[in-house]
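Here are my notes on the model you sent. Please read them with the structure open beside you.

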Amino acid sequence: MFGAAVPVGAGQRRAAGPGAGMPGCQPGWPAPAPAHLAACRGTERAGSALCPSSGRRERRPALDLSMSGARAPDTRDAEGGGTCPENVPSLKEIELLLNTGRPSCNHVDEVWPNLFLGDLVTAHNRFILWKMGVTHVLNAAHGTSYSQGGQDFYGTTIDYYGVPAHDLPSFDISQFFFSAAQFIHNALNTPGAKILVHCAVGVSRSASLVLAYLMINHHLPLVEAIKTVKEHRWISPNRGFLKHLRNLDVQLRQRKDC
(Lines give C-alpha, C1' and ligand atoms only; values in the text may rest on other atoms or scores of the structure.)
Protein backbone atom coordinates (compact mmCIF):
# COMPACT_ATOMS: atom_id res chain seq x y z
CA MET A 1 0.00 0.00 0.00
CA PHE A 2 2.91 2.30 0.80
CA GLY A 3 6.29 2.65 -0.84
CA ALA A 4 9.42 1.51 0.88
CA ALA A 5 9.78 3.47 4.08
CA VAL A 6 13.18 4.75 5.14
CA PRO A 7 13.98 5.79 8.73
CA VAL A 8 15.02 9.41 9.09
CA GLY A 9 17.96 9.88 11.46
CA ALA A 10 19.76 13.06 12.30
CA GLY A 11 23.26 13.93 13.48
CA GLN A 12 23.55 13.17 17.17
CA ARG A 13 24.11 15.97 19.67
CA ARG A 14 24.39 15.28 23.43
CA ALA A 15 24.76 17.03 26.70
CA ALA A 16 23.36 16.38 30.15
CA GLY A 17 19.67 17.34 30.04
CA PRO A 18 18.48 19.74 32.75
CA GLY A 19 15.49 19.12 34.92
CA ALA A 20 14.02 16.03 36.52
CA GLY A 21 11.63 13.38 35.25
CA MET A 22 7.88 13.71 35.24
CA PRO A 23 5.95 12.95 38.44
CA GLY A 24 5.70 9.31 39.45
CA CYS A 25 4.62 6.75 36.89
CA GLN A 26 1.29 5.05 37.29
CA PRO A 27 1.72 1.32 37.97
CA GLY A 28 -0.30 -1.39 36.29
CA TRP A 29 -2.01 0.23 33.32
CA PRO A 30 -3.21 -2.38 30.82
CA ALA A 31 -4.69 -2.19 27.33
CA PRO A 32 -7.88 -0.20 26.70
CA ALA A 33 -11.24 -1.35 25.52
CA PRO A 34 -11.84 -0.37 21.87
CA ALA A 35 -14.25 2.43 22.80
CA HIS A 36 -11.79 3.90 25.27
CA LEU A 37 -8.98 3.68 22.75
CA ALA A 38 -11.09 5.60 20.24
CA ALA A 39 -11.73 8.29 22.85
CA CYS A 40 -8.05 8.54 23.68
CA ARG A 41 -7.16 8.96 20.02
CA GLY A 42 -9.31 12.06 20.05
CA THR A 43 -7.08 13.72 22.63
CA GLU A 44 -6.40 17.34 21.75
CA ARG A 45 -2.88 18.36 20.86
CA ALA A 46 -1.11 20.72 23.19
CA GLY A 47 0.82 23.78 22.04
CA SER A 48 4.59 23.82 22.04
CA ALA A 49 6.80 26.01 24.18
CA LEU A 50 10.41 26.84 23.49
CA CYS A 51 12.87 25.07 25.71
CA PRO A 52 15.09 27.24 27.94
CA SER A 53 18.64 26.65 26.86
CA SER A 54 21.37 25.77 29.32
CA GLY A 55 24.08 25.89 26.69
CA ARG A 56 24.95 24.44 23.33
CA ARG A 57 25.16 20.69 22.99
CA GLU A 58 28.38 19.12 21.89
CA ARG A 59 28.25 17.69 18.37
CA ARG A 60 28.83 13.96 18.23
CA PRO A 61 29.26 11.64 15.23
CA ALA A 62 26.07 10.23 13.77
CA LEU A 63 24.93 6.93 15.24
CA ASP A 64 25.51 3.76 13.29
CA LEU A 65 22.08 2.12 13.06
CA SER A 66 23.15 -0.60 10.68
CA MET A 67 23.19 -3.44 13.26
CA SER A 68 26.99 -3.63 12.90
CA GLY A 69 26.78 -6.24 10.19
CA ALA A 70 24.34 -8.49 12.05
CA ARG A 71 21.48 -9.86 10.03
CA ALA A 72 18.00 -9.04 11.28
CA PRO A 73 15.49 -11.89 11.47
CA ASP A 74 12.85 -11.87 8.76
CA THR A 75 9.61 -11.12 10.63
CA ARG A 76 7.38 -10.51 7.64
CA ASP A 77 5.70 -13.94 7.64
CA ALA A 78 2.35 -13.23 9.28
CA GLU A 79 1.96 -16.72 10.70
CA GLY A 80 5.45 -17.09 12.12
CA GLY A 81 7.47 -20.24 12.45
CA GLY A 82 10.70 -21.34 14.06
CA THR A 83 12.17 -24.36 15.74
CA CYS A 84 10.22 -24.07 19.02
CA PRO A 85 6.81 -22.53 18.21
CA GLU A 86 5.24 -24.46 21.08
CA ASN A 87 6.92 -22.03 23.48
CA VAL A 88 5.51 -18.95 21.76
CA PRO A 89 1.95 -17.95 22.69
CA SER A 90 -0.59 -17.72 19.90
CA LEU A 91 -1.73 -14.39 18.55
CA LYS A 92 -5.06 -14.84 20.32
CA GLU A 93 -3.33 -15.45 23.65
CA ILE A 94 -1.22 -12.32 23.19
CA GLU A 95 -4.33 -10.26 22.43
CA LEU A 96 -6.05 -11.64 25.54
CA LEU A 97 -3.05 -10.57 27.63
CA LEU A 98 -3.19 -7.05 26.18
CA ASN A 99 -6.92 -6.80 26.93
CA THR A 100 -6.62 -7.62 30.63
CA GLY A 101 -6.95 -5.04 33.39
CA ARG A 102 -8.35 -1.52 33.36
CA PRO A 103 -7.50 1.14 30.80
CA SER A 104 -5.79 4.47 31.32
CA CYS A 105 -4.84 7.28 28.96
CA ASN A 106 -1.82 9.09 30.37
CA HIS A 107 0.11 11.29 27.97
CA VAL A 108 3.45 9.74 28.95
CA ASP A 109 4.78 7.01 31.24
CA GLU A 110 8.24 5.77 32.15
CA VAL A 111 8.10 2.09 31.11
CA TRP A 112 11.80 1.24 31.55
CA PRO A 113 14.48 3.19 33.40
CA ASN A 114 14.90 6.51 31.54
CA LEU A 115 12.68 5.27 28.67
CA PHE A 116 9.38 7.11 28.30
CA LEU A 117 6.49 6.01 26.10
CA GLY A 118 4.07 8.76 25.13
CA ASP A 119 1.94 10.65 22.64
CA LEU A 120 2.08 13.73 20.43
CA VAL A 121 0.88 16.00 23.24
CA THR A 122 4.10 15.31 25.10
CA ALA A 123 6.34 15.18 22.03
CA HIS A 124 5.16 18.58 20.77
CA ASN A 125 5.75 20.38 24.08
CA ARG A 126 9.45 21.20 24.20
CA PHE A 127 9.14 22.84 27.61
CA ILE A 128 7.74 19.64 29.11
CA LEU A 129 10.51 17.62 27.49
CA TRP A 130 13.06 20.00 28.97
CA LYS A 131 11.52 19.59 32.45
CA MET A 132 11.59 15.80 32.03
CA GLY A 133 15.25 15.92 31.03
CA VAL A 134 14.59 14.20 27.69
CA THR A 135 17.68 14.16 25.47
CA HIS A 136 16.54 11.78 22.70
CA VAL A 137 13.26 11.41 20.81
CA LEU A 138 12.20 8.49 18.62
CA ASN A 139 9.13 9.45 16.60
CA ALA A 140 7.31 6.38 15.25
CA ALA A 141 4.92 8.61 13.29
CA HIS A 142 7.50 10.66 11.40
CA GLY A 143 6.08 12.53 8.42
CA THR A 144 2.49 11.45 9.08
CA SER A 145 -0.54 13.59 9.84
CA TYR A 146 -0.31 15.84 12.92
CA SER A 147 3.35 15.00 13.51
CA GLN A 148 5.54 18.08 13.93
CA GLY A 149 8.62 16.11 14.92
CA GLY A 150 11.96 16.53 13.21
CA GLN A 151 15.49 17.63 14.05
CA ASP A 152 14.65 21.18 13.02
CA PHE A 153 11.72 21.19 15.47
CA TYR A 154 13.91 20.15 18.42
CA GLY A 155 17.06 22.02 17.44
CA THR A 156 20.32 21.22 19.22
CA THR A 157 18.70 20.23 22.52
CA ILE A 158 17.50 16.76 21.49
CA ASP A 159 18.80 13.93 19.32
CA TYR A 160 16.02 12.85 16.96
CA TYR A 161 15.28 9.68 15.01
CA GLY A 162 12.18 9.38 12.81
CA VAL A 163 10.38 6.20 11.78
CA PRO A 164 7.69 6.87 9.13
CA ALA A 165 5.29 4.12 10.25
CA HIS A 166 1.55 3.99 9.62
CA ASP A 167 -0.79 2.52 12.22
CA LEU A 168 -2.24 -0.05 9.82
CA PRO A 169 -2.18 -3.86 10.19
CA SER A 170 -0.81 -4.06 6.64
CA PHE A 171 2.23 -1.87 7.41
CA ASP A 172 5.53 -3.73 7.83
CA ILE A 173 6.85 -2.20 11.04
CA SER A 174 9.35 -5.03 11.43
CA GLN A 175 11.73 -3.30 9.02
CA PHE A 176 12.41 -0.76 11.80
CA PHE A 177 12.75 -3.14 14.77
CA PHE A 178 16.54 -3.29 14.79
CA SER A 179 17.36 0.29 13.82
CA ALA A 180 14.92 1.63 16.44
CA ALA A 181 16.28 -0.75 19.07
CA GLN A 182 19.81 0.42 18.27
CA PHE A 183 18.83 4.08 18.67
CA ILE A 184 17.14 3.38 22.01
CA HIS A 185 20.11 1.30 23.16
CA ASN A 186 22.61 4.01 22.26
CA ALA A 187 20.52 6.66 24.00
CA LEU A 188 20.17 4.69 27.23
CA ASN A 189 23.90 3.99 27.25
CA THR A 190 24.65 7.71 27.15
CA PRO A 191 25.28 9.04 30.68
CA GLY A 192 22.44 11.25 31.89
CA ALA A 193 20.26 10.60 28.84
CA LYS A 194 16.51 10.02 28.74
CA ILE A 195 14.52 9.01 25.68
CA LEU A 196 10.91 9.56 24.66
CA VAL A 197 9.49 7.05 22.18
CA HIS A 198 6.17 8.25 20.80
CA CYS A 199 3.66 8.09 17.97
CA ALA A 200 0.20 9.70 17.89
CA VAL A 201 -1.30 8.12 21.03
CA GLY A 202 1.65 6.08 22.29
CA VAL A 203 -0.04 2.68 22.31
CA SER A 204 0.55 1.00 18.93
CA ARG A 205 3.47 2.09 16.72
CA SER A 206 5.76 3.38 19.45
CA ALA A 207 4.74 0.60 21.83
CA SER A 208 5.68 -2.00 19.21
CA LEU A 209 9.17 -0.49 18.85
CA VAL A 210 9.67 -0.43 22.62
CA LEU A 211 8.61 -4.08 22.86
CA ALA A 212 11.04 -4.96 20.07
CA TYR A 213 13.83 -3.14 21.94
CA LEU A 214 13.17 -5.13 25.12
CA MET A 215 13.14 -8.37 23.13
CA ILE A 216 16.29 -7.63 21.11
CA ASN A 217 18.47 -5.88 23.67
CA HIS A 218 17.24 -7.40 26.94
CA HIS A 219 16.30 -10.84 25.63
CA LEU A 220 12.76 -10.72 27.01
CA PRO A 221 10.21 -13.02 25.40
CA LEU A 222 7.29 -11.08 23.92
CA VAL A 223 4.94 -11.94 26.79
CA GLU A 224 7.46 -10.73 29.38
CA ALA A 225 8.10 -7.55 27.39
CA ILE A 226 4.35 -6.85 27.26
CA LYS A 227 3.98 -7.47 31.00
CA THR A 228 6.93 -5.18 31.73
CA VAL A 229 5.43 -2.28 29.77
CA LYS A 230 1.90 -2.95 31.05
CA GLU A 231 3.09 -2.46 34.61
CA HIS A 232 3.32 1.24 33.78
CA ARG A 233 1.18 1.93 30.70
CA TRP A 234 -1.56 0.26 28.70
CA ILE A 235 -0.64 -0.52 25.13
CA SER A 236 -2.56 -1.81 22.12
CA PRO A 237 -0.44 -2.64 19.03
CA ASN A 238 -2.63 -3.44 16.04
CA ARG A 239 -2.98 -7.07 14.97
CA GLY A 240 -0.47 -6.78 12.13
CA PHE A 241 2.17 -5.38 14.47
CA LEU A 242 1.49 -8.18 16.96
CA LYS A 243 2.10 -10.72 14.20
CA HIS A 244 5.47 -9.14 13.44
CA LEU A 245 6.38 -9.07 17.14
CA ARG A 246 5.36 -12.71 17.56
CA ASN A 247 7.49 -13.66 14.58
CA LEU A 248 10.40 -11.71 16.04
CA ASP A 249 9.94 -13.71 19.24
CA VAL A 250 10.10 -16.95 17.26
CA GLN A 251 13.19 -15.86 15.33
CA LEU A 252 15.05 -14.70 18.44
CA ARG A 253 14.31 -18.01 20.16
CA GLN A 254 15.52 -19.78 17.04
CA ARG A 255 18.78 -17.85 17.21
CA LYS A 256 19.28 -19.13 20.76
CA ASP A 257 18.62 -22.67 19.46
CA CYS A 258 15.68 -22.96 21.87
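Are Arg-233 and Asp-109 buried or exposed? Both are buried (under 20% relative accessible area; exposed is over 50% and partly exposed lies in between, with a 1.4 Å probe and protein chains only).

1. **Ground rules.** This is a predicted model, in which local features need pLDDT of at least 70, side-chain atom pairs count only at pLDDT 80 or more, and totals for chains, interfaces and linings use all residues. Residues are numbered from 1 along each chain as its sequence is written, and side-chain values use heavy atoms, with hydrogens and water left out.

2. **Overall make-up.** The protein has nine helices and eight strands. These elements are DSSP runs numbered from the N terminus (helices H or I, at least four residues; strands E, at least two). Of the 258 residues, 49% count as buried. The exposed surface comes to about 11700 Å², and carbon and sulfur atoms supply 53% of it. Areas come from the Shrake-Rupley method with a 1.4 Å probe, and for residues only the protein chains shown count as cover.

3. **Contacts along the chain.** Take the contacts between residues at least 6 apart in sequence: 83% of them join residues at least 24 apart. Contact here means heavy atoms within 4.5 Å.

4. How many salt bridges does a search of the whole structure find? It finds three. The term means a side-chain nitrogen of Lys or Arg within 4 Å of a carboxyl oxygen of Asp or Glu. Arg-233 and Asp-109 form one of them, with the closest N and O atoms 2.8 Å apart. This pair links distant parts of the chain, 124 residues apart. Arg-233 sits in the loop between α8 (222–230) and α9, and Asp-109 in strand β4 (residues 108–112).

5. **Glu-95 and Arg-239.** These side chains also meet in a salt bridge, at 2.8 Å from N to O. Glu-95 is in helix α2 (residues 91–98) and Arg-239 in helix α9 (residues 239–255), so the pair ties together parts 144 residues apart in sequence. Glu-95 is partly exposed at 21% relative accessibility. Arg-239 is partly exposed too, at 42%.

6. **Asp-249 and Arg-253.** This salt bridge has an N to O distance of 3.1 Å. The two residues are four apart in helix α9, so about one helical turn separates them. Asp-249 is buried at 3% relative accessibility. Arg-253 is buried at 18%.

7. **Strand β8.** β8 pairs with strand β5 (residues 115–118) in the parallel sense over four bridges. It also pairs with strand β6 (residues 136–139), again parallel and over four bridges. Strands count as paired if DSSP finds at least two bridges between them. His-198 of β8 is the bridge partner of Gly-118, and Ile-195 of β8 stands opposite His-136.

8. **Val-229.** This residue is in helix α8 and is buried, at 1% relative accessibility. Beyond its neighbours within four places in sequence, Val-229 is in contact with Val-111, Leu-117, Val-210, Leu-211, Leu-214 and Ile-235. Val-229 and Asp-109 are 120 residues apart in sequence, yet their C-alpha atoms are 9.4 Å apart.

9. **Helices α6 and α7.** The axes of α6 (residues 177–188) and α7 (residues 205–218) come within 9 Å and cross at roughly 75°. That makes α6 roughly perpendicular to α7 (65 to 115 degrees; under 35 is roughly parallel, over 145 roughly antiparallel, the rest oblique). Axes are lines fitted to C-alpha atoms, for helices over the stretch in contact, with angles from 0 to 180 degrees between N-to-C directions. The contact includes Phe-177, Ala-181 and Leu-188 of α6, and Leu-209, Tyr-213 and Ile-216 of α7.

10. **Positive phi values.** Asn-114 has a positive phi of about 70° although it is not a glycine. Asn-114 lies in the loop between β4 and β5 and is partly exposed, at 31%. His-219, also not a glycine, has a positive phi near 60°. His-219 is in the loop between α7 and α8 and is exposed, at 57%.
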